[in-house]
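Colleague: I have a model open and would like to learn how to read it. Please take me through it one feature at a time.

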Amino acid sequence: MATETMTSTVDGSAGGYRPTATLTFRTELRRQASRRRTQLSLGFMVLLPLVILLAFEFGGGNGSGGGDRGQFAALADIAKSGGLNFALFALLVSASFLLVVVVALFCGDTVASEASWGSLRYLLAVPVPRARLLGSKLLVSLFYSLMSLVLLTGTALLAGTLRYGWHPLRTTVAGDIQPGSAVLRLLGIVAFLAVTLLIVAGLAFLLSVATDAPLGAVGGAVLLQILSGILDQITALGSVRVILPTHYGDAWLGLISNPVQTDDMVKGAIAALAYGALFFGLAWWHFMRKDVVS
Amino acid sequence: MPTALSARLRRALPRPRLTRRRTVAGAVVVAVLVGAVSWAAWPSSPGYRVTSQTITVLTGPDGTTPVSLDTSYYRPDSASAGHPAAAVLLAHGFGGTKDDVASDAKDLASRGYAVLAWTAEGFGRSGGQIHLDSPDWEVKDGQRLIDWLAARPEVRKDGPNDPRVAVVGASYGGGLALMLAGYDRRVDAIVPQITWNDLGNAFLPDATGAGASSGVFKKAWAGIFFTGGAVPTAVPGAGGTGPIPGAGSAGAVPAGADPSCGRFAADLCAAYLSIATTGRATPDQLALLERSSPASILNRIHAPTLLIQGQADSLFPLSEADANARGIAANGTPVRVDWFTGGHDGGTGPQSDQDRNRYLTVQWLDHYLLGKGGTPSNSFTYSRLAGIDANTDSVVALGYSVSGYPGLSGQSSTAVPVAGPPRPAANPPNGTPAAISTVPGLGGGGLASATGGAAQDVPGQHADFYSTPLKSTVDVVGTPSVQVRAANPTGEAVLFVKLYDVDPHSGATLPDGLVAPVHLTGLPASLADARPVTVTLPGIVHQFQAGHLLRVTVATSDQAYLSPPAPTVYQLSVAGGVRLPTVHSAPIASPDLIWRWILVGLAALLAIGIVVAILIGRRRHRHADHSVRADLADVPLVISGLRKEYGDGFVAVSKVDFTVRRGQVVGLLGPNGAGKTTSLRVLMGLTKPTDGDIYVFGHRLVPGAPVLSRLGALVEGPGFLPHLSGLANLQLYWRATGRPLADARLEEALDIAGLGDAVHRRIKTYSHGMKQRLAIAQAMLGLPELLVLDEPTDGLDPPQIAEMRRVLRRYATDGRAVLVSSHLLAEVEQTCTHVVVVHRGTVVADGPVDDIVGDSPSVQFDVSDSAMATEVLNRSGARSVSGEGNGTLIADLDGADRADVVAELVRAGVGVNRVVPRRRLEDAFLSLVGGDTKASGER
């Protein structure tokens with residue numbers, strides 16, 4: 001083994017080491033991109049609209065299963081009236097559960113899986129500053145979450161437009177919305193969903209730094225989301241429900257009213273930001289003090 | 001290893017120990033919870049007291065008939081003779097009782113008004129008969145109640161027997177408010193809601209303006225009204241809606257009364273039966289209704305009037321409020337008009353409507369009774385159904401405001417041509433089957449009734465005339481009008497004109513389900529001779545969107561109205577276009593607007609918070625303690641007084657001190673659980689020490705300290721991304737350090753790992769030993785000056801172990817240092833230059849291996865005769881001899897030559913099977929650790 005001149009710097013670090021250069025966004029992006037779960041999740045986001053499209057093409061009847069579920073059934077009925085409607089329908093069917101699971105997967109698995117593989121301690125010994133490690137991991141998780149949302153919407157819009165054409169967005173209560181305005185509204189829906197999903201992201205991330213079991217973090221976040229959804233169904237709880245994280249989950253339907261109803265969306269965004277800030281803050285607070293023993 | 005496992009488990013599953021900190025935190029949480037629950041559950045003082053009593057009033061045409069009225073008086077706690085309160089008379093709707101307005105009464109009482117609610121005569125527990133707000137009866141009752149209020153010391157007075165009082169009520173109660181204000185000058189303000197102007201016009205409407213004498217009988221509503229069936233009685237803005245137990249119906253008929261009249265006064269009952277039978281009202285009957293109609297006394301109303309009318313109201317449509325508004329305003333009396341989306345068909349409307357109506361009512365009363373607040377503007381406010389709130393599944397209404405009341409014909413108008421060839425339409429015999437426009441009194445604000453979704457026309461019985469698709473969206477506020485031409489040999493026709501909004505996709509909607517009934521007379525037999533008649537359609541607030549079509553439908557029957565029984569065929573056509581009234585309105589800002597600012601504020605706050613946190617983090621890093629202890633600057637590692645106590649109180653390391661110098665390979669030796677791994681964890685910055693310091697090249701080591709970059713480590717086994725190849729793992733790891741790739745010395749590291757082509761295989765497929773070698777290679781990436789390896793030979797086969805020893809020894813030769821932990825004595829002895837023995841969390845021995853390992857004076861003998869051998873050994877100068885049974889003796893020869901001692905034994909005739917010299921480290925290790933091989937965790 002050759003002898004090297006040993007360099008050192010003021011802070012005692014090895015030559016070439018800068019805390020701000022460790023585990024960059026790009027590096028973490030590559031680390032995560034190589035994982036099956038990332039590839040599968042993103043792939044499924046492309047696949048789902050195509051599956052729905054095929055179901056519409058070859059399945060009997062139209063979108064709704066005959067059960068009357070209000071807005072759901074109404075939007076399913078008009079899902080085939082254009083690419084915009086199809087994209088809206090794809091969002092509707094995925095918003096309440098699929099996207100929640102995907103976001104929980106990206107954000108809940110990221111730190112916990114490193115802990116379970118044992119690679120977390122080697123990253124910390126690089127040393128990647130803990131705050132930086134969380135920052136890079138969170139940004140990459142959120143990036144992939146957003147990618148899922150965009151891929152789903154984009155694929156649905158593209159596939160729907162190719163199959164059903166480029167028509168105004170038909171709605172049950174707001175009449176026809178011209179394509180230009182409808183695209184903006186669709187973007188608004190995607191943006192609102194992205195903001196509300198911060199709650200799941202925050203919860204999953206908090207669980208991720210608190211446990212070594214990736215499944216626990218992902219499952220825990222989804223479980224609590226479902227629990228909140230169930231509690232929200234119990235009208236007897238009255239005004240307590242407005243503080244539930246999922247209470248304003250459907251507020252984006254206000255964007256397909258005429259004129260646009262944004263009050264609930266604003267409240268939903270406030271709730272999402274507040275919960276997100278709380279969960280992410282707790283995650284940071286916990287991880288900065290944590291004894292990493294895995 | 002059960003002992004180590006249990007220790008780890010204990011750490012992983014912390015015992016819930018009641019520390020002081022936890023007790024305090026728990027107490028705070030419990031206190032907050034208890035506080036919140038009590039705050040929510042504690043009965044708060046309502047601020048008023050309710051007295052229910054029967055007040056007997058002298059009423060009737062000559063004011064001598066005693067009638068007992070069931071009343072509730074809500075006296076605010078703030079009111080007293082010294083500080084008298086303004087009063088509000090709260091009247092209920094038709095078929096209801098004082099209990100229907102209880103929530104409104106409580107709301108007003110908690111705002112400091114003395115509220116008197118009563119059950120009108122003929123209803124509930126009150127005595128008397130129903131006279132439909134007759135000036136002789138119900139109005140007189142109201143005047144006597146004003147007298148009653150005037151006698152209350154806590155009610156504010158404007159003069160002797162003149163209390164400061166407002167009358168508020170909906171429907172039947174609204175009619176009373178108008179009538180009472182007309183007959184009694186003491187009334188200071190009124191808020192009549194969803195009520196009538198002229199009962200004749202309400203029940204016998206004619207959309208050509210011909211008047212009630214030739215109107216079309218509104219049979220469905222009249223029936224409901226008369227029998228006191230399900231009537232929405234709630235005051236908009238507060239109470240609920242719902243079916244009211246029949247008050248005028250047979251169920252409440254007093255003994256001996258006419259079962260066909262219930263509690264109705266005989267004259268009204270007779271008039272109803274006559275009108276309902278013939279569909280026509282005689283002048284006497286119209287005069288009777290006229291007495292119960294504010295229309296006749298509007299010029300006497302001087303109390304400022306807030307008129308609230310519902311759009312979904314086929315009983316008292318917007319035109320009733322319009323007539324009231326114009327009549328009262330003509331006196332110079334302040335009038336304000338508000339339209340909301342509910343009504344007798346639509347209920348209380350969505351929450352936004354209820355909130356606006358309540359706000360307007362309180363603002364009106366506060367100003368005109370208390371003088372609080374500025375004069376309410378005379379702007380006209382209305383709301384329009386916009387869609388559905390997905391969260392509550394209720395309709396959404398948007399509020400708009402127009403400066404000044406524009407009336408029903410709007411401020412401007414748009415003419416939309418409708419066309420179509422003349423069409424015949426059949427009048428069905430006895431009006432059956434009939435078209436359905438709205439279901440009267442559906443109540444509850446059902447969307448179907450609100451949007452007219454239930455409208456149905458009977459084929460062959462109507463004529464449709466369409467417009468072309470609208471080029472731009474038209475917001476109609478007011479009464480559209482259209483000219484209709486009709487011909488029939490009988491010279492007469494009863495027709496129902498409707499204006500549909502046709503969505504090319506989803507079909508036609510009849511706004512609010514409203515129709516305009518017309519009774520035409522003097523018709524020619526041929527359409528060519530027919531004169532166009534202007535039909536004023538019902539007042540609506542509706543948005544006709546661009547691309548939609550207008551459809552004017554002229555139908556011959558409607559199930560809500562009485563139409564001629566004789567079958568005939570009308571010739572129908574529409575002349576010209578539909579005039580759509582519009583207004584110049586501004587949206588009313590939603591009170592929820594505040595949330596947008598909160599959102600903006602929150603987002604800004606979070607953005608600032610994140611930036612500040614990053615800046616603080618950087619600053620803290622820059623200003624971190626970068627001082628170097630000069631005396632240790634060249635010493636790779638100094639650990640002094642290290643102590644690590646876990647959160648559950650378990651002490652993993654109680655006191656560890658040692659030093660690793662350049663060129664040394666230091667072995668950290670100890671049994672499982674001695675604290676080796678915990679020490680290394682602290683050294684890697686994974687856990688924080690409870691006490692003590694670690695210096696690496698003179699820099700104090702804290703978690704994440706930059707000096708860690710000069711340290712390579714393998715602790716607690718390898719940690720790789722299982723889905724990547726070994727090579728990719730090493731490359732990604734190095735990339736994560738952010739250091740130049742050239743510094744990695746990847747080739748040399750791979751050489752040490754010796755994995756060959758296996759580095760291109762995924763980690764999943766690796767054996768334990770392969771992973772271990774790769775992990776050592778990873779630790780050596782960049783040739784760190786201090787290499788820390790935890791059990792490095794774990795899983796390696798003997799040739800690899802031998803190779804690893806050579807590598808480690810060579811690694812330390814050029815000024816680098818290596819720290820190796822192991823629980824295997826032989827490994828440390830053969831690999832290391834120095835050794836540190838740890839046991840139970842403390843260092844028990846420390847020094848160069850040669851010093852410690854050198855031959856020990858102890859020798860183990862396996863002999864044929866233990867007793868004889870012991871004797872011989874003692875004789876030849878052994879310091880101590882101990883037997884281990886089975887012919888094995890351990891003797892401390894104290895410097896005597898082993899060969900001499902063996903010769904001595906043989907001479908004495910003892911058979912020597914084996915002579916094994918013992919070594920110092922082993923002695924030291926075993927005597928230190930003794931028979932106690934328990935992990936430190938078991939202490």
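Modeller: Start with pLDDT, the predictor's confidence in each residue, which runs from 0 to 100. This is a predicted model, in which local features need pLDDT of at least 70 and side-chain atom pairs count only at pLDDT 80 or more, while totals for chains, interfaces and linings use all residues. Residues are numbered from 1 along each chain as its sequence is written, and chains are lettered from A and ligands numbered from 1 in the order in which they are written.

Colleague: What is the mean pLDDT of chain B?

Modeller: The mean for chain B is 85, and 89% of its residues reach 70 or more. Over residues 229-253 of chain B, however, the pLDDT is below 50. Two residues are in contact if their C-beta atoms, placed from the backbone, lie within 7 Å. The model as a whole scores ipTM 0.88 and pTM 0.75.

Colleague: How many helices and strands does chain B have?

Modeller: Both are DSSP runs, numbered from the N terminus: helices are H or I with at least four residues, and strands are E with at least two. Chain B has 23 helices and 39 strands. Among its contacts between residues at least 6 apart in sequence, 73% join residues at least 24 apart.

Colleague: What share of the residues in chain B is buried?

Modeller: A residue is buried if 20 or more other C-beta atoms lie within 10 Å of its own, exposed if 12 or fewer, and partly exposed in between; the C-beta atoms are placed from the backbone. Buried residues make up 49% of the 939 residues in chain B. A:Val102 is buried, with 25 other C-beta atoms within 10 Å. Leaving out residues up to four places away in sequence, A:Val102 touches A:Ser41, A:Ser145 and A:Ser148. A:Val102 and A:Ser145 are 43 residues apart in sequence, but their C-alpha atoms are 7.0 Å apart in space.

Colleague: How do I read two helices that pack together, such as α2(A) and α7(A)?

Modeller: Axes are lines fitted to C-alpha atoms, for helices over the stretch in contact, and angles run from 0 to 180 degrees between N-to-C directions. Angles under 35 degrees count as roughly parallel, over 145 as roughly antiparallel, 65 to 115 as roughly perpendicular and the rest as oblique. The axes of α2 (residues 36-58) and α7 (residues 130-164) of chain A come within 9 Å and cross at roughly 25°. α2(A) is therefore roughly parallel to α7(A). On the α2(A) side the contact includes A:Ser41, A:Met45 and A:Leu48, and on the α7(A) side A:Ser148, A:Leu151 and A:Leu152 are among the residues.

Colleague: Which residues of α10(A) and α13(B) meet?

Modeller: Helix α10 (residues 263-289) of chain A and α13(B) pack at an angle of about 25°, with their axes 9 Å apart. They are therefore roughly parallel to each other. Among the residues that meet are A:Ile270 and A:Leu273 in α10(A), and B:Leu599 and B:Leu602 in α13(B). For residue classes, Ala, Val, Leu, Ile, Met, Phe, Trp, Tyr, Cys and Pro count as nonpolar, Asp, Glu, Lys and Arg as charged, and the others, Gly among them, as polar. The residues of this contact divide into 12 nonpolar, no polar and three charged.

Colleague: How many residues of chain B are in contact with chain A?

Modeller: 70 residues of chain B are in contact with 67 residues of chain A. On the chain B side, α13(B) gives the most, with nine residues. That side divides into 33 nonpolar, 20 polar and 17 charged residues.

Colleague: Where are the cis peptide bonds at A:Pro127 and B:Pro433?

Modeller: The bond from A:Val126 to A:Pro127 is cis, with omega near 0°, and A:Pro127 lies in the loop between α6 (119-124) and α7 of chain A. Another cis bond joins B:Thr432 and B:Pro433, with omega about -5°. B:Pro433 is in the loop between β14 (423-427) and α12 (447-451) of chain B.
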